[in-house]
Amino acid sequence: MTEDERTERERIAELRAPGRKWVFGQLQGWNCALCAARLYADRPICTVEVDYGSVTETYQLYVCAPSCETARAAWETARAACEMARAAQHPAPPDGDRPVVRAPRRRTGA
């Protein structure tokens, strides 16, 4: 068994642990079942049964593809690139050139 397969089995066992708390988005497939990040690229990992008293629901869980760490690094890189592009389009004005913002006049009298 390879290291990736062992890690995958450990993750599935962690997800199927009894009494685990779930975020709504994780059960609906909107968020990663492991790290709770928003899913843009995903892969199915396993199904779990959630007991709601007299009703038991089965949910398909999804995780980041290819992995949570890789997805997070890609998101950080894309975010930094967007911030740099935004800063290049709208450079900050020098301190002395800030526009003056005036408060509205108060109403007086009747």
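Reply: The protein exposes about 9000 Å², of which carbon and sulfur atoms supply 53%; accessible areas come from the Shrake-Rupley method with a 1.4 Å probe, and for residues only the protein chains shown count as cover. This is a predicted model, in which local features need pLDDT of at least 70 and side-chain atom pairs count only at pLDDT 80 or more, while totals for chains, interfaces and linings use all residues. Residues are numbered from 1 along each chain as its sequence is written, and side-chain values use heavy atoms, with hydrogens and water left out.

Of the 110 residues, 19% are buried (buried is under 20% relative accessible area, exposed over 50%, partly exposed in between, with a 1.4 Å probe and protein chains only). The protein has three helices and two strands, in the order α-α-β-β-α along the sequence. Helices (H or I, at least four residues) and strands (E, at least two) are DSSP runs numbered from the N terminus.

Now the core itself. A nonpolar core is a set of buried Ala, Val, Leu, Ile, Met, Phe, Trp, Tyr and Cys residues joined through side-chain atoms within 4.5 Å. The largest one has 14 residues, and Leu 15, Leu 27, Cys 32, Ile 45, Cys 46, Val 48 and Leu 61 have the most contacts inside it. Strands β1 (42-51) and β2 (56-64) each supply at least two residues of this core. In soluble globular proteins, nonpolar side chains tend to be buried together.

The two strands run antiparallel and are joined by nine bridges; strands count as paired if DSSP finds at least two bridges between them. Val 48 stands opposite Tyr 59 in β2, and Asp 42 has Cys 64 of β2 as its bridge partner. Four residues lie between the strands of this hairpin, where Gly 53 takes a positive phi near 85°.

Apart from residues up to four places away in sequence, Leu 27 touches Trp 22, Val 48, Val 50, Tyr 52, Tyr 59, Gln 60 and Leu 61, a contact being heavy atoms within 4.5 Å. Gln 26, in helix α2, is buried, with a relative accessible area of 4%.

Ala 36 belongs to the loop between α2 (24-28) and β1. Its phi is near 65°, a positive value in a residue other than glycine, and Ala 36 is partly exposed, with a relative accessible area of 35%. Trp 30 sits in the loop between α2 and β1 and is partly exposed at 44% relative accessible area.

Over the protein, among contacts between residues at least 6 apart in sequence, 40% join residues at least 24 apart.
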